[in-house]
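Colleague: Could you walk me through this structure, please? I have not worked with it before.

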Amino acid sequence: TWFKVYCAVEALLFFALSAIGAVMFVAWLVGGVTTGEDVFLAIGMAVICLPLTIAYVTGIFLKPKPWVWVYDIVLIAFGLTSCLTIPFAVPLLIFWLKPETKAYFGRS
């Protein structure tokens, strides 16, 4: 359950960053006050954050299988790269490495 909450929060976070990037890009297109550096940042945010949004949303709906455990631990590892999400990712990672969790996913 906590992993699904974690994925939902991460998906919302990355979706918000994608939306901010899209708004910045549109503002530049219509002649707003954004600069060339802002456009580069906006495109980078959209290119990186939109696929991560899809990845986290997918993590919510996957059924327990051995390969899903690996997919989920990669999603948790992405959370370790941000000061905002590291307090949530570390306990989740500790739980994810327990033998009971691995057994639930069919890993030995």
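Modeller: Helix H2, residues 36–61, holds 26 residues and spans 39 Å from its first C-alpha to its last, close to the 38 Å expected at 1.5 Å a residue. Helices here are DSSP runs (H or I, at least four residues), numbered from the N terminus. This is a predicted model, in which local features need pLDDT of at least 70, side-chain atom pairs count only at pLDDT 80 or more, and totals for chains, interfaces and linings use all residues. Residues are numbered from 1 along each chain as its sequence is written, and side-chain values use heavy atoms, with hydrogens and water left out.

Colleague: Which elements do the buried residues of H2 pack against?

Modeller: They pack against H1 and helix H3 (66–79).

Colleague: And what is the volume of the second largest pocket?

Modeller: About 190 Å³. A pocket is an open set of points on a 1 Å grid over the protein atoms alone, where a 1.4 Å probe fits, with protein on both sides within 12 Å along at least five of seven lines; lining residues have an atom within 4 Å of a point.

Colleague: Which element gives the largest share of that lining?

Modeller: H1, with five residues. The lining includes Trp2, Val5 and Tyr6, as well as Pro87 and Phe88.

Colleague: How much space lies in the largest pocket?

Modeller: About 290 Å³. Of its 14 lining residues, Thr1, Phe3, Trp96, Tyr104 and Phe105 are the closest to the centre. Helices H1 (2–29), H4 (86–96) and H5 (99–104) each give two or more residues to this lining.

Methods:
Grid points are joined across faces, edges and corners, and a volume is the space filled by probe spheres set on the points. The expected span of a helix is 1.5 Å times one less than its number of residues. Contact means heavy atoms within 4.5 Å.
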